[in-house]
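Visitor: I'd like to look at a protein and learn where the labels come from. Can you show me one?

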Amino acid sequence: MTQAPLMIQRSCRIPVPLTDCFAIYSRLKADEYIHSDAVIAPITNIEMIRGEAFNEVGDIQRITFKGGAVIDEEVLAFVPNRQFVYKGTGFSQPLLNWLDHAKGSFEFEKDGDGTLVTWRYLFYLNPGLGFMPKRTIFKAVVVDLIWHRMMTKTLVNLTQIITLRALQNGNNS
């Protein structure tokens with residue numbers, strides 16, 4: 001029996017028109033906006049394994065954390081002005097090593113003269129002995145505490161960076 005994934009989702013409104021917002025987002029490198037917590041998830045490097053910019057289906061980037069843990073992320077879908085979907089594998093950090101894989105997506109929707117950006121992350125835990133207790137612990141520690149904090153701070157970063165770049169480019173709404 002396949003278990004439902006654990007999901008977390010956060011949204012923000014960016015005061016930049018949809019096409020400009022998506023264009024700026026798709027040119028950003030992850031290390032420009034992803035929140036890297038110095039204690040919980042200190043990212044030391046993000047490198048391209050396949051592709052050049054992590055914005056085409058099949059592109060793969062590797063995120064390396066302090067201590068050497070890595071996560072590989074692959075672009076699964078890229079729909080201009082609408083959606084960016086990726087899959088994460090290779091989790092080796094404590095608790096995250098309970099994952100088979102994760103899927104993330106950034107969804108972009110017109111919101112008046114701005115853009116609503118929704119970041120969704122689905123965690124697919126490995127089945128097996130102790131699944132339900134692991135699921136409960138994983139949800140409390142990783143989803144509700146760590147990912148909630150990281151997603152919130154990342155979306156604040158994303159809002160600031162896209163807004164500033166739009167102003168620099170003269171794309172302010």
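Guide: Let's begin with angles: under 35 degrees counts as roughly parallel, over 145 as roughly antiparallel, 65 to 115 as roughly perpendicular, and the rest as oblique. This is a predicted model, where local features need pLDDT of at least 70 and side-chain atom pairs count only at pLDDT 80 or more, while totals for chains, interfaces and linings use all residues. Residues are numbered from 1 along each chain as its sequence is written, and side-chain values use heavy atoms, leaving out hydrogens and water.

Visitor: Why are helix 1 and helix 2 called roughly perpendicular to each other?

Guide: Helix 1 (residues 18-27) and helix 2 (residues 131-169) pack at about 110°. The perpendicular range is 65 to 115 degrees, so the two helices are roughly perpendicular.

Visitor: What makes Asp111 and Arg13 a salt bridge?

Guide: A salt bridge needs a side-chain nitrogen of Lys or Arg within 4 Å of a carboxyl oxygen of Asp or Glu. Here the N to O distance is 2.9 Å, so the pair counts.

Visitor: And why does Glu107 with Arg120 count as a salt bridge?

Guide: Their closest N and O atoms are 3.8 Å apart, and the cut-off is 4 Å, so this pair counts as well.

Visitor: How do you know whether Glu107 is buried or exposed?

Guide: Buried means under 20% relative accessible area, exposed over 50%, and partly exposed in between (1.4 Å probe, protein chains only). Glu107 has 10%, so it counts as buried. Its partner Arg120 has 24%, so Arg120 counts as partly exposed.

Conventions:
Axes are lines fitted to C-alpha atoms, for helices over the stretch in contact, and angles run from 0 to 180 degrees between N-to-C directions. Helices (H or I, at least four residues) and strands (E, at least two) are DSSP runs, numbered from the N terminus.
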